[in-house]
Amino acid sequence: PRLGIVSVSLATAASEGRFRTGDSFVELKRFPWMGHYWTFRGGDFRLPGRPLDVPFSNLYYPEIAGRGAWVEATHGSRTFGFLFGAETLQAGVRVPLRLETPQTMAGVYFRQQAGERLVLGARLLLLSNDLEKLRKTPYLAVPGDPLKGARTATLNALYTLAGPLKWYGEAALSEAS
């Protein structure tokens, strides 16, 4: 109760004569500190593609998968988090290996329940590509003029009108170089 839940996962495999890793991490979850419950994770992490659950079943938002550090703090109906690391891609069907890309990501996000029906969310995500490594990565198709970096800021709101009837709004600002 005073420490939280400690989890360790080490997923390994040999592929093409090389040692590879899958979802491997060390995590301390629900650590009580400063009035919040904290989650600290080092290694592989995954986050939803949007700060809030999107009520549309016909839209697909891929998750954010990375290898690095992820920290999240929750107090009541408020959550904020930080992430930093290299983006990863899943390779393999039976053994889900993770391949690091030459893309670094850093971000911060926030979710707040406001009353019984309104949920607000925001996220700032910074992506940076190592263009030289990107061109030399054999498993990625690189466009002729790849992006060096991108920044996105999103604000989301989800209001439950009645039962399954919901109103969802999103505003986003993006910049790429």
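Predicted model: local features only at pLDDT ≥ 70, side-chain atom pairs only at ≥ 80, totals over all residues.
Let us begin with Leu125. Apart from its neighbours within four places in sequence, Leu125 is in contact with Ile64, Leu83, Ala106, Gly107, Ala150, Arg151 and Thr152, where contact means heavy atoms within 4.5 Å. Residues are numbered from 1 along each chain as its sequence is written, and side-chain values use heavy atoms, with hydrogens and water left out.

Leu125 also belongs to the largest nonpolar core, whose 8 residues are Phe45, Leu47, Ile64, Trp70, Leu83, Met105, Tyr109 and Leu125. A nonpolar core is a set of buried Ala, Val, Leu, Ile, Met, Phe, Trp, Tyr and Cys residues joined through side-chain atoms within 4.5 Å. Buried means under 20% relative accessible area, exposed means over 50%, and partly exposed lies in between, with a 1.4 Å probe and protein chains only. Which elements give two or more residues to this core? They are strand E5 (36-47), strand E6 (64-75) and strand E8 (97-114). Strands (E, at least two residues) and helices (H or I, at least four) are DSSP runs, numbered from the N terminus. In soluble globular proteins, nonpolar side chains tend to be buried together.

I turn now to the charged pairs. The structure holds 9 salt bridges, each a side-chain nitrogen of Lys or Arg within 4 Å of a carboxyl oxygen of Asp or Glu. One of them joins Asp23 to Arg46, with the closest N and O atoms 2.8 Å apart. This pair links distant parts of the chain, 23 residues apart: Asp23 is in the loop between E3 and strand E4 (25-33), and Arg46 is in strand E5. Asp23 is partly exposed at 25% relative accessible area, and Arg46 is partly exposed at 31%. Asp23 and Arg46 are also linked with Glu63 and Arg98 in a network of salt bridges.

Two further pairs deserve attention. Arg67 forms a salt bridge with Glu100, the closest N and O atoms being 3.5 Å apart. Because Arg67 lies in strand E6 and Glu100 in strand E8, the pair ties together parts that are 33 residues apart in sequence. Arg111 forms a salt bridge with Glu72, at 3.7 Å between the closest N and O atoms. Here Arg111 lies in strand E8 and Glu72 in strand E6, so this pair ties together parts that are 39 residues apart in sequence. Is Glu72 buried or exposed? With a relative accessibility of 14%, Glu72 counts as buried, and Arg111 is partly exposed at 24%.

Next, Thr21, which is found in strand E3 (residues 18-21). Thr21 is partly exposed, with a relative accessible area of 23%. Leaving aside neighbours within four places in sequence, Thr21 is in contact with Ala11, Thr12, Arg67, Leu97 and Arg98.

Finally, the surface. Lys148, in the loop between helix H1 (131-135) and strand E10 (149-162), is exposed, with a relative accessible area of 52%. Beyond its neighbours within four places in sequence, Lys148 is in contact with Leu127, Ser128, Asn129, Leu131 and Ser177. Val8 lies in strand E1 (residues 5-9) and is exposed at 62% relative accessible area.
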